[in-house]
Amino acid sequence: MSIELNCKDGYNIEIEKKEDWINILLVENEAFGERILVGAEERKEFLTPWINMLMHHKKEAGIKGTMDLAKKLEHIVLFEKGKHEKGVLALKSINTEIINLRKEFQEKEEQVKIKK
């Protein structure tokens with residue numbers, strides 16, 4: 001499976017799924033199209049591959065940290081607020097969401113290491 005999403009603000013997202021892994025590329029291009037709308041209930045699923053890339057392939061993916069990732073995602077994605085809130089998340093809230101998910105994933109990885 002391969003998906004290419006054309007977004008405004010000069011970025012494309014290319015998503016490739018091969019067997020058990022997902023490769024996400026953030027590609028600069030000419031500005032056109034619309035931003036992706038991600039619902040509150042889809043946020044964790046959408047961010048999971050990005051967080052994994054941040055944790056394990058930061059340099060190869062060209063990501064400098066959580067705020068850098070948040071800024072890149074803000075250009076291409078609108079994250080809806082919670083179920084009972086209208087509007088979209090601001091940059092600071094996106095960064096906080098990324099930090100919280102990264103901590104959650106790191107804790108899970110540490111638990112797996114302890115069990116081994």
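A salt bridge here is a side-chain nitrogen of Lys or Arg within 4 Å of a carboxyl oxygen of Asp or Glu. Asp68 and Lys72 sit 4 residues apart in helix H3, so about one helical turn separates them. Lys72 counts as buried, at 18% relative accessibility. Buried means under 20% relative accessible area, exposed means over 50%, and partly exposed is in between (1.4 Å probe, protein chains only).

A word on the model itself: it is predicted, so local features need pLDDT of at least 70 and side-chain atom pairs count only at pLDDT 80 or more, while totals for chains, interfaces and linings use all residues. Residues are numbered from 1 along each chain as its sequence is written, and side-chain values use heavy atoms, with hydrogens and water left out.

The protein has 4 helices and 5 strands. Reading from the N terminus, the elements run β-β-β-β-α-α-α-β-α. Helices (H or I, at least four residues) and strands (E, at least two) are DSSP runs, numbered from the N terminus. Of the protein's 116 residues, 30% count as buried.

Back to the charged pairs. Side chains of opposite charge can pair when their charged atoms come close. A search of the whole structure turns up 4 salt bridges. One of them joins Arg43 to Glu97, with the closest N and O atoms 3.4 Å apart. Arg43 is in helix H1 and Glu97 in helix H4, so this pair ties together parts that lie 54 residues apart in sequence. Arg43 is buried, with a relative accessible area of 10%, whereas Glu97 is partly exposed at 23%.

Another salt bridge brings the side chains of Lys44 and Glu104 together, at 2.6 Å from N to O. This pair, too, links distant parts of the chain: Lys44 belongs to helix H1 and Glu104 to helix H4, 60 residues apart. Lys44 is partly exposed at 36% relative accessibility, and Glu104 is partly exposed with a relative accessible area of 27%. Lys44 and Glu104 also join Lys108 in a network of salt bridges.

What about the nonpolar side of things? The largest nonpolar core has 20 residues, and those with the most contacts inside it include Phe46, Leu47, Leu69 and Leu73, along with Val77, Phe79 and Ile98. Such a core is a set of buried Ala, Val, Leu, Ile, Met, Phe, Trp, Tyr and Cys residues joined through side-chain atoms within 4.5 Å. Two or more residues each come from S4, H1, helix H3 (66-76), strand S5 (77-79) and helix H4 (91-115). H1 gives the largest share, 6 residues.

On the surface, Glu41, Glu42, Glu45 and Glu80 gather in a patch of negative charge. Patches are made of residues with over 30% relative accessible area and no salt bridge, with like charges joined within 9 Å and nonpolar side chains (Val, Leu, Ile, Met, Phe, Trp, Tyr) within 5 Å. Glu42 sits in the loop between strand S4 (36-38) and helix H1 (43-56), and counts as partly exposed at 38% relative accessibility.

Thr96 has its place in helix H4 and is partly exposed, with a relative accessible area of 38%. Its C-alpha atom is 8.8 Å from that of Met67, a residue 29 positions away along the chain.

Key:
Accessible areas come from the Shrake-Rupley method with a 1.4 Å probe; for residues, only the protein chains shown count as cover. Lys and Arg count as positive and Asp and Glu as negative; His and the chain ends are not counted. The place of a charge is taken as NZ of Lys, CZ of Arg, CG of Asp or CD of Glu.
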